[in-house]
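Subject: Handover of a structure and notes on its features

Dear colleague,

Please find below the structure that I am handing over to you. My notes on it follow directly after.

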Amino acid sequence: MQRFYNQSYFDRYGKYMDSSFQTLLWSLTVSMYPLGGFFGSLMVAPLVNNLGRKGTLLFNNIFSIIPAILMGTSKASKSFEIIIFARIIVGVCAGLSSNVVPMYLGELSPKNLRGAIGVMPQLFITIGILIAQIFGLRKVLANDRGWPLLLGLTGIPAVVELIFLPFFPESPRYMLIQKGNEVGARAALKRLRGVDDVDGEIEEMRLEDQSEKAEGRLSVQNLCSFRSLRWHLITVVVLNMGQQLSGVNAIYYYADSIYRSAGVKENDIQYVTVGTGSVNVFMTIAATAIIEKAGRRLLLLMGFAICCIACLILTASLNLQDSIDGMSYLSIVCIIVYVIGHAVGPSPIPYVITTEIFRQSSRPAAFMVAGSVHWICNFFVGLIFPFLERGIGEYSFIIFGIICLLTFVYIFIIIPETKNKTFLEISQILAKRNTMEIQVDKEQLRRGKDNREREAMKSTKF
């Protein structure tokens, strides 16, 4: 692709671009994706509140199909600017989907499966990365002829979603709490659960709705100013910062040089990278299988602890590999162990926690904040790490290890276990930490239920 950039420039101006300008263009190409992700995150709350969760996901496919066409035809049009522009648009798609998909699935899920289903988006992200790594092998599509097709393939999942998602129901919680459509919510729950008796879940939604009537629909500004949501918001920010600043992108950035120093042949490094991606998929599957038994909190603690230890040992092994035989192989082990730790907790669980600790009125704004922090930190690490690596080398992983440790301490002290609890129960637990109490007028709710039953009996008689 960089050769294409250079050749396009030559065809226009009759000279090749200098190396510093080419590096700048390539850095822009890479960094536009997380920047687009940030813009996409800012669109989450207004879109999900107006179009619904399902409607937003359908609309979001525009931001995948259009850039896929642009990138796929960029070589034929001899324009590298198209690629840079398309990277922003596909980043918007990623920013929206990475927030709306967990929200949608979390609201569809029964509480006993909410954790496992909440991990599914991250599982399919890892599968997508693995597929991209396989297609990105030089013998497959990562070559002069194949790279436009490789970039154009990103539109295929969007087309599949456009075909099949219309057959799925909208979030029942969105329909009942935000739109007041009990008939639609009840019908959606019956389809999702496969049973006719969904009164228990409907009443639980009513409890949540009644408890947050005073709040109304919250904007980001309201979210930041509400004392009752102070620790909720801090938790989301800390988890997303910890996820991105823990060094996961730096590990992948550094991996090739570590494999090279361990004696892996230059042409074989790409296959080792695919192997690392396979480990990532396998461990995310493991997280999906055990999250409902082990709980969210334990997996987060285990994950950040493993990443912290792996970063510290990796720093030592990189520092000693020139003087002690075998240290380079220990470095490879550290990378694999780090990937395992991140796949178990820091990668998938923050999305689940964000869904669970906020109620319906505040959840869109919360995901907007979470997504913005996520993509800003992603952009920051991509921008800063090359300079950090050039300045202090392997000691940069000490910084990532410290961040993992601080996140571990915060989780241990602040975050409660949320498995098998309703959204309202979780909010009540965190409200106590905010020295607040969520009031639920159960008597008023019971009277409302009795009135609805009497009305139903009357209509049946007629």
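The notes below begin with the overall picture and then turn to individual residues.

This is a predicted model, in which local features need pLDDT of at least 70 and side-chain atom pairs count only at pLDDT 80 or more, while totals for chains, interfaces and linings use all residues. Residues are numbered from 1 along each chain as its sequence is written, and side-chain values use heavy atoms, with hydrogens and water left out.

Overall picture

The protein has 23 helices and zero strands; helices (H or I, at least four residues) and strands (E, at least two) are DSSP runs, numbered from the N terminus. Its C-alpha trace spans about 85 × 50 × 40 Å along the principal axes. The radius of gyration is 24 Å, which agrees with the value near 23 Å that a compact globule of 462 residues would have. That radius is taken over C-alpha atoms, and the globule rule is 2.2 Å times the number of residues to the power 0.38.

Of the 462 residues, 50% count as buried. Here, buried means under 20% relative accessible area, exposed means over 50%, and partly exposed lies in between (1.4 Å probe, protein chains only). The protein exposes about 21500 Å², of which carbon and sulfur atoms supply 66%; the areas come from the Shrake-Rupley method with a 1.4 Å probe, and for residues only the protein chains shown count as cover.

Among contacts with a separation of 6 or more, 80% are between residues 24 or more positions apart, where contact means heavy atoms within 4.5 Å. The mean positions of the 44 positive and 35 negative charges are 2 Å apart. For this count, Lys and Arg are positive and Asp and Glu negative, with His and the chain ends not counted; the place of a charge is NZ of Lys, CZ of Arg, CG of Asp or CD of Glu.

An enclosed helix

Helix α19 (residues 349-357) is largely enclosed by the rest of the structure, because nine of its nine residues are buried. Its buried residues include Tyr351, Thr354, Thr355 and Glu356.

Salt bridges

The structure holds 13 salt bridges, each being a side-chain nitrogen of Lys or Arg within 4 Å of a carboxyl oxygen of Asp or Glu. In one of them, the side chains of Arg363 and Glu107 meet at 2.8 Å, N to O. Arg363 lies in helix α20 (residues 363-392) and Glu107 in helix α6 (residues 80-108), so this pair ties together parts that are 256 residues apart in sequence. Arg363 is buried, with a relative accessible area of 0%, and Glu107 is likewise buried, at 2%.

Another salt bridge joins the side chains of Arg206 and Glu182 at 2.0 Å, N to O. This pair links distant parts of the chain, with Arg206 in helix α12 (residues 199-211) and Glu182 in helix α11 (residues 182-193), 24 residues apart. Arg206 is buried, with a relative accessible area of 17%, whereas Glu182 is partly exposed, at 22%. Salt bridges that share partners join Glu182, Arg186, Asp199, Glu203 and Arg206 into one network. The side chains of Arg193 and Glu201 also meet in a salt bridge (2.6 Å, N to O), and Glu201 counts as partly exposed at 23% relative accessibility.

Backbone angles in two loops

Lys78 is found in the loop between α5 (74-77) and α6. Its phi is near 55°, a positive value in a residue other than glycine, and Lys78 is exposed, with a relative accessible area of 52%. Asn420, in the loop between α21 (396-414) and α22 (423-433), has a phi near 60°, also a positive value in a residue other than glycine. Asn420 is partly exposed, with a relative accessible area of 40%.

Met327 belongs to helix α18 (residues 327-344) and is buried, with a relative accessible area of 17%. Leaving aside neighbours within four places in sequence, Met327 is in contact with Ser317, Leu320 and Gln321. Ile306 belongs to helix α17 (residues 296-320) and counts as partly exposed at 27% relative accessibility. With neighbours within four places in sequence again left aside, Ile306 is in contact with Val337 and Gly341.

Yours sincerely
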